[in-house]
Amino acid sequence: MHRFNRRDFLKSAGAIAAFAAIPRAVSAAVTSPRVVVVGGGFGGATVAKYLRMWGGNVQVTLVEPNATHISCILSNLVVTGALSMSRITLAYDSLKTTHGVSVLQGKALAIDPAGNRLTVQTAAGNEVLDYDHLVLSPGIDFTPASGNWNPNLTPHAWQAGPQTTLLKNQLAAMRGGDTFVLTVPKSPYRCPPGPYERACVVADYLRAKKRTGAKVLVLDANAGIQAEPEAFGHAFSVTHAGRIQYVPNANVVSVDSATRSIVTSAMSVSNAKVLNYIPNQRAGAIAASLGVNLAGFVPVSPLSYGTLAYPNIHVIGDSCAVPASDGKAVPKSGHMANSQAKVCADAILRTLSGEVLDQNVATNSACYSPITSRTASWLSANFVYGNIYDVNGAVKGKGMHRTDLGEAPSNGVDGDSYQDMFTWAESIFADSFK
Ligand SMILES: Cc1cc2nc3c(=O)[nH]c(=O)nc-3n(C[C@H](O)[C@H](O)[C@H](O)COP(=O)(O)OP(=O)(O)OC[C@H]3O[C@@H](n4cnc5c(N)ncnc54)[C@H](O)[C@@H]3O)c2cc1C
């Protein structure tokens with residue numbers, strides 16, 4: 001039987017597959033190199049697992065404050081009560097026992113790039129970890145508008161867990177005629193279709209629960225729908241007609257959580273029944289400490305995910321900024337974080353072995369979006385390293401070039417995609433955490 005190994009992965013353009021890789025010890029000259037990974041989400045869990053699977057004698061320590069990871073993927077279905085929280089709760093047991101990853105429960109506080117040291121706050125006090133390579137995958141932080149936003153009153157639910165439960169309870173308390181206000185952050189943000197998906201499943205919930213006259217008001221900071229505009233445009237104006245009002249160019253100016261009121265450049269709302277304010281986003285703080293671009297994310301090399309100043313410090317997942325063709329930016333998704341993690345793991349192992357970096361790297365992304373309780377749409381995007389172009393088609397440098405332009409996302413919204421969504425999600429959960 002053919003065993004899918006590291007080189008097969010690189011040839012397969014980052015596709016997810018269930019496989020057993022052949023452990024591969026790095027150069028004998030390097031004794032048990034140490035890699036520290038910060039953040040046990042989709043990027044961090046995957047890079048820790050694959051470094052151990054492909055790296056043989058590499059010591060991997062994963063630093064994460066939480067005992068389990070609660071997935072944002074499928075979390076909108078927990079908000080509506082269609083899924084339980086346990087369905088999206090992912091443990092680190094397999095990383096520890098099957099793959100030999102050391103998991104340290106704690107929060108990374110500070111990096112000493114010159115000394116190759118990371119300070120971690122744990123329940124027992126601060127610990128300092130020495131590393132040969134450091135991988136950061138801390139996800140996102142928020143840049144809220146002015147006012148007095150309190151996420152314990154007006155949740156974002158854009159990091160899953162207690163926020164998901166809070167939003168679920170607030171939705172359940174809605175009655176006929178109430179308004180659920182949802183904001184869409186300025187791009188780039190985590191999961192481009194996610195806010196539109198949430199608007200759809202909330203509207204569907206209000207219909208199913210017969211909350212007559214209740215509606216979802218979508219205040220989008222962007223000029224238009226950021227992902228699958230046809231599918232979501234149809235969902236807003238036909239499938240959920242009368243239950244979703246979409247307002248573009250609604251930049252949030254201020255938020256008052258006490259009165260659930262919001263002021264935007266397009267319109268203002270006072271005393272909404274639910275105010276689901278999803279603020280603009282930037283790299284997680286520990287990654288942002290290395291320096292960010294104008295959008296607030298950390299620029300990296302797409303061949304290694306090494307930062308420009310410190311090649312042995314890598315940033316993957318939502319926190320990183322990858323040069324891509326104009327207007328076709330690499331999306332911030334769990335699938336993409338998983339894909340970048342494998343490229344990063346391979347690059348670290350090559351560097352430790354004194355090999356040159358692979359110049360033919362590829363990454364991909366997929367998002368499934370439930371539109372009703374039985375139907376979903378999907379979207380995928382594939383990227384290869386090479387020339388990237390400006391809006392006029394001129395080469396502007398090297399980066400990740402999108403290869404599937406012209407291909408439609410899903411051919412519509414259907415029940416098969418709804419079922420496929422669960423198969424895909426279980427597959428990425430297993431590939432990252434098992
Ligand atoms: C509603 C919703 C739906 C989504 N649907 C999809 C989908 O269909 N498909 C898809 O591919 N993606 C989807 N996503 C996006 C996906 O969840 C993220 O893109 C993905 O989680 C990014 O992975 P990450 O590793 O960068 O960050 P995360 O998965 O968020 O992991 C970051 C981890 O870092 C930890 N951390 C942060 N700071 C520190 C620190 N200082 N020290 C130690 N640990 C730290 C956090 O506790 C967290 O566990 C969705 C997101 C949302 C909100």
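In the predicted model described here, the buried residues of helix H5 (residues 162-172) are Gln 163, Thr 164, Leu 167, Gln 170 and Leu 171, where buried means under 20% relative accessible area, exposed over 50% and partly exposed in between, with a 1.4 Å probe and protein chains only. Viewed down the axis of H5, these buried residues fall within an arc of 130°, so they line one face of the helix; the arc is that of the directions from the helix axis to the C-beta atoms. Helices (H or I, at least four residues) and strands (E, at least two) are DSSP runs, numbered from the N terminus. The buried residues of H5 pack against helix H3 (75-79), strand E12 (179-184), helix H6 (194-208) and strand E18 (274-276), contact being defined as heavy atoms within 4.5 Å. Residues are numbered from 1 along each chain as its sequence is written, and side-chain values use heavy atoms, with hydrogens and water left out. Because this is a predicted model, local features need pLDDT of at least 70 and side-chain atom pairs count only at pLDDT 80 or more, whereas totals for chains, interfaces and linings use all residues.

An open sheet is formed by five strands in the order E5-E2-E1-E9-E21, with parallel pairing; two strands pair if DSSP finds at least two bridges between them. Strand E5 (102-105) and strand E21 (313-315) stand at the edges with a single partner strand each, so one side of each is left without a neighbour in the sheet. On average, neighbouring strands of this sheet are turned by 20° against each other, direction ignored. Strand E2 (residues 59-64) runs parallel to E5 and is joined to E5 by four bridges, and Leu 62 stands opposite Val 103 in E5. Helix H9 (residues 334-353) lies across strand E1 (34-38), strand E9 (133-136) and E21, running at about 170° to E9; axes are lines fitted to C-alpha atoms, for helices over the stretch in contact, and angles run from 0 to 180 degrees between N-to-C directions.

The largest nonpolar core has 78 residues, and those with the most contacts inside it are Val 47, Leu 74, Ile 111, Leu 118, Leu 134 and Leu 136. Such a core is a set of buried Ala, Val, Leu, Ile, Met, Phe, Trp, Tyr and Cys residues joined through side-chain atoms within 4.5 Å. The largest share of this core, nine residues, comes from H9. When neighbours within four places in sequence are left aside, Leu 134 is in contact with Val 36, Val 38, Ile 111, Leu 118, Asn 312, Ile 313 and His 314. Apart from this core lies another, of 26 residues, among them Ala 157, Met 174, Leu 206 and Val 216.

The structure holds zero disulfides, a disulfide being a pair of cysteine sulfur atoms within 2.5 Å. The sulfur of Cys 72 is 8.4 Å from the closest cysteine sulfur, in Cys 191, which is too far for a bond. Cys 344 is likewise in no disulfide, and the nearest cysteine sulfur, that of Cys 320, is 9.4 Å away. Cys 72 counts as partly exposed at 26% relative accessibility, whereas Cys 344 is buried, with a relative accessible area of 0%.

Two further helices each contain a residue of note here. His 234, in helix H7 (residues 229-239), is partly exposed, with a relative accessible area of 46%. His 234 and Gly 412 are 178 residues apart in sequence and 9.6 Å apart in space, C-alpha to C-alpha. Ser 417, in helix H10 (residues 415-433), is buried, with a relative accessible area of 4%. Leaving aside neighbours within four places in sequence, Ser 417 is in contact with Tyr 368, Ala 376 and Trp 378.
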